[in-house]
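Subject: Handing over the structure

Hi,

Here is the structure I said I would pass on.

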Protein chains: 4
Amino acid sequence: MMSFGERFRITIFGSSHGPEVGVTIEGIPAGTRIDPERIQADLDRRRPVGRRLATRRQEEDRLVLDSGVTQGQADGAPLRAHVTNEDVRREPYDRLKETPRPGHADYPARVRYGTGADLSGGGIFSGRMTVGLVIAGSVAKTLLAARGIDVVGYTRSIGTVDAEIPPGADVPQLRERSRTNEVGTPDPVASSRMEEAIAEARRDGDSLGGIVEVRIDHVPVGLGEPFFDSLESTIAHVLFSVPAVKAVEFGAGFAAARMRGSEHNDPFVWVGSEVRTVTNHAGGILGGLATGMPIVVRVAVKPTSSIARPQQTVNLTTRSAETLVVTGRHDPCIVPRAVVVLEAVAAIAIADLALRGGYV
Amino acid sequence: MMSFGERFRITIFGSSHGPEVGVTIEGIPAGTRIDPERIQADLDRRRPVGRRLATRRQEEDRLVLDSGVTQGQADGAPLRAHVTNEDVRREPYDRLKETPRPGHADYPARVRYGTGADLSGGGIFSGRMTVGLVIAGSVAKTLLAARGIDVVGYTRSIGTVDAEIPPGADVPQLRERSRTNEVGTPDPVASSRMEEAIAEARRDGDSLGGIVEVRIDHVPVGLGEPFFDSLESTIAHVLFSVPAVKAVEFGAGFAAARMRGSEHNDPFVWVGSEVRTVTNHAGGILGGLATGMPIVVRVAVKPTSSIARPQQTVNLTTRSAETLVVTGRHDPCIVPRAVVVLEAVAAIAIADLALRGGYV
Amino acid sequence: MMSFGERFRITIFGSSHGPEVGVTIEGIPAGTRIDPERIQADLDRRRPVGRRLATRRQEEDRLVLDSGVTQGQADGAPLRAHVTNEDVRREPYDRLKETPRPGHADYPARVRYGTGADLSGGGIFSGRMTVGLVIAGSVAKTLLAARGIDVVGYTRSIGTVDAEIPPGADVPQLRERSRTNEVGTPDPVASSRMEEAIAEARRDGDSLGGIVEVRIDHVPVGLGEPFFDSLESTIAHVLFSVPAVKAVEFGAGFAAARMRGSEHNDPFVWVGSEVRTVTNHAGGILGGLATGMPIVVRVAVKPTSSIARPQQTVNLTTRSAETLVVTGRHDPCIVPRAVVVLEAVAAIAIADLALRGGYV
Amino acid sequence: MMSFGERFRITIFGSSHGPEVGVTIEGIPAGTRIDPERIQADLDRRRPVGRRLATRRQEEDRLVLDSGVTQGQADGAPLRAHVTNEDVRREPYDRLKETPRPGHADYPARVRYGTGADLSGGGIFSGRMTVGLVIAGSVAKTLLAARGIDVVGYTRSIGTVDAEIPPGADVPQLRERSRTNEVGTPDPVASSRMEEAIAEARRDGDSLGGIVEVRIDHVPVGLGEPFFDSLESTIAHVLFSVPAVKAVEFGAGFAAARMRGSEHNDPFVWVGSEVRTVTNHAGGILGGLATGMPIVVRVAVKPTSSIARPQQTVNLTTRSAETLVVTGRHDPCIVPRAVVVLEAVAAIAIADLALRGGYV
């Protein structure tokens, strides 16, 4: 369904080619400062950044705070906000009803929902639904910041170009560095090569995927609900809701599967009056609960499905093979825009667990 | 919390060193055949298999069907079942209250729940809780089988030993092959090397992790709920509830992040009267909905945290450093036993979505 | 929270003196006809009807369908709709922060939410939140009508004036008759006396309550979920969410407590190919499931809390006694306006259970 | 479904003629004292009390605490407990498959669940399921007592015999008085007449209903969740889950509908450092939140459906009329036994809201 969360509860609405996209948020404690400029800044991070790297669909994505805010503060009513869909061109999508795009939801959505559903531009399966996630994530980050919890997302790789993450960097440093380039990575050397790789993919009528890492510092020890609502379960649940996400790993992740216990186990030490671990292969989570070390999660984003190159597909009515050239306006790589979305949903998950556990 | 699912709803109970572990299942259609031997067979797959490979904690894990079954059929009441904890030795755990085991839930659980909680043997954070998952998964597989949906889990790697998965094998073939060896892999060559690797880790007082793959064939096209309850979100949610799981990927997974769209997109073709894809990089899921191709998900299991080698930890009371030697009885590698658990939770997720979508 | 329902899921937003009130609805099957005029007609039934009977707050309550409808049909995206709050006058409410109105949420809401919450006009506890319920209820009725299920609400009593319900009348007849007068009762004689009673209460600076009955015909036999989500539980849950509701009874209700079993039990008979009951003391529900007979539920609406007469209250800051004269614009009797709201929420409950049980 | 609550979450299991009935409870804070004798005492209050007044089905209902309790305290694992069904006689029920009992769930349950479900003795629709509610309610009362919240249920009427409730009595006094007689009423004069009325109904092969009142003192001001999870909604939801409940009213309830606002509104006064109301027509609830005054709720229990007198019903197979004489063992009046059940579910609702709001 379109709702997530138990106590920080979001309900997204709208669709790709409908009049709007947005979100309703329940559970924000009354009195929480709501800064529209801060939310707008996050929305801007989600927008296509420059001609060379991104889709030509031009959406202003101006935040409209509809209700729930009085004099700059959450007022106890649900916070509702949206942006208007302005640059909608339905024509390129009309023929897709019969010829599903490879890599898209078109085919299973058509089988499931029939012809009554408006699947133009992907309908509710579109990446445009993530606008509501970014708005909610921005509010969640404000909530968490008041408790000292700090969330950042950044690009780890695009295509085959890997970033080097500066060891020992904290969240503010990672945030600052990854804002200096269009691809959102803290590695300035890799950033240029990533931009080139995207430009090259565009020239080829092709697309690239990549890996985004989200890191959350200063999560209180013990945060997380037992068993089915573990930190990993809750964060992964909402990460996998984001279109194009195909893999999620915490801490050492898949690499842990190749390690020995003596290597993987993070030794405990006292650092002043705090218990810390020497390494952080656990990614800040043991038994589904926060250890107090940084939570580290990596997310694989598949290459954009809509590409200009001819692709093999089927006609659902005539039952014949077809060659499809997708002519809409699409990003050759959505990874730079996905960074703020994945950061947002991680913050939403933590905010919900924090409220459930009585931490905020 | 201890419940999962909306219409195929399970609630697990018990704890590692309490008197029992088990599950209550709601939503099984009345009249569904319930075969205790089939469930017992799954429980047996979860048991430590041989001296060389596994823990010395000896649990019979005899299934007790307490209620909800009449004359071999689900009777409309919740199905409740449990096994008794028989071989409980609390002593080795007593000192762990002050000296948390590296890699375990001990430390955050103690901070969260205080000294009132019985965390002996891991309490509700123990792998023993997965007994209830196996029972519920066995029932879920029966439900799904009646609709033609077929689920299997198998070992892809243990430590650095990788299995080769026979291309073109279907679920029954994968099932048959992976039952011929103790480690649950369909690759007979790798199986011997995996067993050796485990034996070696045991000799070293150390442990190994690995990767389990779960595959589900014949899932109806369109199965999955929109946005937040996508197939990936729902399956990943419950996979990450299983202790020791640190990463989940669907289809090409992390490899997708390095592919181009033209390479990753699976072309559609007509095969008889069915739409199929030539490749299956999507792992059977597009837009969170089933495409009708096999669902393929891989899961990283970290190396067992409890190892015999001395480890560095802290004393929470005296605020000093300590060296810990874990003396309980533990598996050097839980991957072979995790196979049936991960298969079970995947089946549970699919069963719930199938009931929610009206497919069963 | 602000959400209700599992598969026909509504989330209301806005507040009494904020910019808007409205609702987001998930779960409407794509292709369902959405007629804005029909929804507007229901909203109009909720509006203050005439000078003599109602509040002087003048809200146009013009429906705005924001998204989820394409070419007159639900398009698979959430349906979002709202009306604008236009006639907001905050001044009369400012002093209420310190002197809670008797019979209102002011006092417990202030203790719970503190001074950060905007409780002006009642905030999210206001009757104005029911605008979203009416919109959602109108859509629910459309859904149910397609399955032959017919819902109507009408006034049974206002103050001490009781209506006589024509025996044997079906839903269309009850609907038609209760639309012929301002108080929404199917008894034309009682309607005049009810109007007089309301006018008299207004002259006295006082208010009246009343009883609303909702009847639902042609509910499929068996509809309802076992135990905790019984028909009575689900309908009563959402009825009691409506401000001013203090009692709910099904069928014979409290009168059943004084009957003998031989009198109360409804005998079964065959009527053609259908099983019916001779009487309907059960109100169409046995064991929480629909019997196929009309569902009949009565709801007590307390007299409007805001009255012009001086009332005794306290000052929360000075800890002294105060005499309060409420000067806002208020209905002397909200019962006529509550009819469509209670009809709406009953329809919402049935629609959700119908979708959960696979009946629509 | 068989689960209720969000943070004090109960899942009931078993059925009328299956091997057991019981409950699993999540959310009990670790360290909470669990006294089996106290729970047993509540179970004993639910048992048929004497030959003259009650069913001849003889169940010992001995509490078995299966898990979740260590050394007399909740240990952080779910608390699971059950009683065994011992005195099961299926024969009288066999023919009911074709001839549904008037007033029972038989008919709609058969239509809904088909012949696969075990509806013997009512299956999961039986009053026997309330054993789990009593166990959970007993634990909930312990939780609430630690916060000073005190819950009691008592009989207000049986058939046409009304009890007089001593004005000014507090919960301990009401509890003490209503335990002095078999029918559970605080009015010793009415108690004899109630017993006579029940005996008379039994002689006539007939049954009686009645009204139970539940009162909860010292609920913290503000407890309750906004809008859909109001105190009234949550309490009524679970009260209406109890078989045979047909009406629920809070405070003045239906009488409020006939009052004027000036009469119904409860004036606020300072009593020492506390805000109280002079009257309590609101039943301790305004805007769905606790006012700090006693919560008062009355519940109508219909007369037992199973009566010895011949009743008119149908044969579902032969499509003919039948006369049915119910020969099972049944209570002529379940009201005395329902008291502890309704007290229990009210406590469960309050406990859940208290945990959700952070009050315990």
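In which sense do β2(A) and strand β3 (residues 20–26) of chain A pair, and over how many bridges? They pair in the antiparallel sense, over six bridges.

Some housekeeping before the rest. This is a predicted model, where local features need pLDDT of at least 70, side-chain atom pairs count only at pLDDT 80 or more, and totals for chains, interfaces and linings use all residues. Residues are numbered from 1 along each chain as its sequence is written, while chains are lettered from A and ligands numbered from 1 in the order in which they are written. Helices (H or I, at least four residues) and strands (E, at least two) are DSSP runs, numbered from the N terminus. Strands pair if DSSP finds at least two bridges between them.

Back to that strand in chain A. A hairpin of five residues joins β2(A) to β3(A), and A:T11 has A:T24 as its bridge partner in β3(A). A:T11 is also the bridge partner of A:S3.

Strand β2 (residues 9–14) of chain A is largely enclosed by the rest of the structure, because six of its six residues are buried. Buried here means 20 or more other C-beta atoms within 10 Å of the residue's own, exposed means 12 or fewer, and partly exposed is in between, with C-beta atoms placed from the backbone. In a regular strand the side chains alternate between the two faces of the sheet. In β2(A), A:R9, A:T11 and A:F13 point one way and A:I10, A:I12 and A:G14 the other.

Now for how chains A and B meet. The contact takes 88 residues from chain B and 88 residues from chain A, where two residues touch if their C-beta atoms, placed from the backbone, lie within 7 Å. Chain B's side of it divides into 48 nonpolar, 27 polar and 13 charged residues. (Ala, Val, Leu, Ile, Met, Phe, Trp, Tyr, Cys and Pro count as nonpolar, Asp, Glu, Lys and Arg as charged, and the others, Gly among them, as polar.) Strand β11 (residues 245–250) of chain A runs antiparallel to strand β11 (residues 245–250) of chain B, and three bridges join them. There, A:A247 stands opposite B:E249.

α4(C) is mostly covered, with 14 of its 16 residues buried.

C:R319, in the loop between β17 (311–315) and β18 (320–324) of chain C, has a positive phi of about 60 degrees although it is not a glycine. C:R319 counts as exposed because it has 10 C-beta neighbours inside 10 Å. D:A244 is not a glycine either, and has a positive phi of about 85 degrees. D:A244 sits in the loop between α7 (231–239) and β11 (245–250) of chain D. With 21 C-beta neighbours inside 10 Å, D:A244 counts as buried.

Cheers
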